[in-house]
Amino acid sequence: MTTTTPLLLITADPSHPLAHLALRYARAYLKSAANSHDIDDNDINSTGSSDNATTEQPLLNVFFYGDSAHIANRLRWQSAEQIDLTQEWKNLADHYQLPLPVCVSTALSRGISDSENGTRHRLDGDNLAKGFTLVGLSELAMMMQSNCRLIQF
């Protein structure tokens, strides 16, 4: 039986309701998928990985593109009464061993860089939040080639 892995293509700015909806969808989907694979909080070991999870196919693919690259900015301040999407995505990624790829060109054009790209482009520093990675669009293309269901937020 072939399973379809959802691909969340997140393009909404962190201030947009769709960015928050994407996080809620990912949480609900991962919780449901983990339960259907008999993975629960007791199966998550101290490193955050599941002994029952397969490394062949992730439960969920996520790709941050366009204005959603702002979510990966570790210097983005959030008031106390609002959800810190950066931290919430990091927590979800840590719990489910979920990669958080961000399109490198859209991130750089919005002032978000890792140390490698900061050096390459002679920038004064880096501000990519821990847990996020800058990748090329080929990563998105490879995710789309697999058996996936694309959902854009």
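Among contacts in the chain between residues at least 6 apart in sequence, what percentage join residues at least 24 apart? The figure is 76%. Keep in mind that this is a predicted model, and let's walk through it from the overall layout down to single residues.

Start with the secondary structure. There are five helices and five strands in the chain, and read from the N terminus they come in the order β-α-β-α-β-α-α-β-α-β. The chain has 153 residues, and buried ones make up 40% of them.

Now for the inside. In soluble globular proteins, nonpolar side chains tend to be buried together. Here the largest nonpolar core has 29 residues, and the ones with the most contacts inside it are Leu-8, Val-62, Phe-64, Trp-89, Leu-98, Val-102 and Phe-132. At least two residues each come from β1 (5-10), α1 (17-36), β2 (61-64), α2 (85-96), β3 (100-103) and β4 (132-135). The top contributor is α1, which gives five residues to this core. There's also a second, separate core of seven residues, and Leu-7, Phe-63, Val-135 and Met-143 are among them.

Val-62 is a handy place to look around. Setting aside neighbours within four places in sequence, Val-62 is in contact with Leu-7, Leu-8, Ile-10, Trp-89, Leu-98, Pro-99, Pro-101 and Met-143.

Next, the helix pair α1 and α2. Their axes are 11 Å apart and the packing angle is about 15°. Angles under 35 degrees count as roughly parallel, so α1 and α2 are roughly parallel to each other. Their crossing is left-handed. Which residues meet between the two helices? From α1 come Ala-19, His-20, Ala-22, Leu-23, Ala-26, Arg-27, Leu-30, Lys-31 and Ala-34, and across from them in α2 are Leu-85, Glu-88, Trp-89, Leu-92 and Tyr-96.

Then there's the backbone. Most residues other than glycine have a negative phi. Gln-97 isn't a glycine, yet its phi is positive, at about 55°. Gln-97 is placed in the loop between α2 and β3, and it counts as partly exposed because its relative accessibility is 44%. Arg-122, also a residue other than glycine, has a positive phi near 55°. This arginine lies in the loop between α4 and β4, and with a relative accessible area of 77%, Arg-122 is exposed.

Finally, have a look around α4. Is Ser-113 buried or exposed? Its relative accessibility is 2%, so Ser-113 counts as buried, even though it sits in the loop between α3 (104-109) and α4 (115-120). Leaving out neighbours within four places in sequence, Ser-113 is in contact with Leu-108, Gly-118, Leu-123, Gly-125, Asp-126, Asn-127, Leu-128 and Leu-134. Ser-115, in helix α4, counts as partly exposed at 48% relative accessibility. Asn-127 turns up here too: the C-alpha atoms of Ser-115 and Asn-127 are separated by 8.2 Å, and the two residues are twelve apart along the chain.

Note on methods
Residues are numbered from 1 along each chain as its sequence is written. This is a predicted model: local features need pLDDT of at least 70, side-chain atom pairs count only at pLDDT 80 or more; totals for chains, interfaces and linings use all residues. Side-chain values use heavy atoms; hydrogens and water are left out. Helices (H or I, at least four residues) and strands (E, at least two) are DSSP runs, numbered from the N terminus. Buried means under 20% relative accessible area, exposed over 50%, partly exposed in between (1.4 Å probe, protein chains only). Contact means heavy atoms within 4.5 Å. A nonpolar core is a set of buried Ala, Val, Leu, Ile, Met, Phe, Trp, Tyr and Cys residues joined through side-chain atoms within 4.5 Å. Axes are lines fitted to C-alpha atoms, for helices over the stretch in contact, and angles run from 0 to 180 degrees between N-to-C directions. Angles under 35 degrees count as roughly parallel, over 145 as roughly antiparallel, 65 to 115 as roughly perpendicular and the rest as oblique. A crossing is left-handed if the near helix is turned anticlockwise from the far one by less than a right angle, and right-handed if clockwise.
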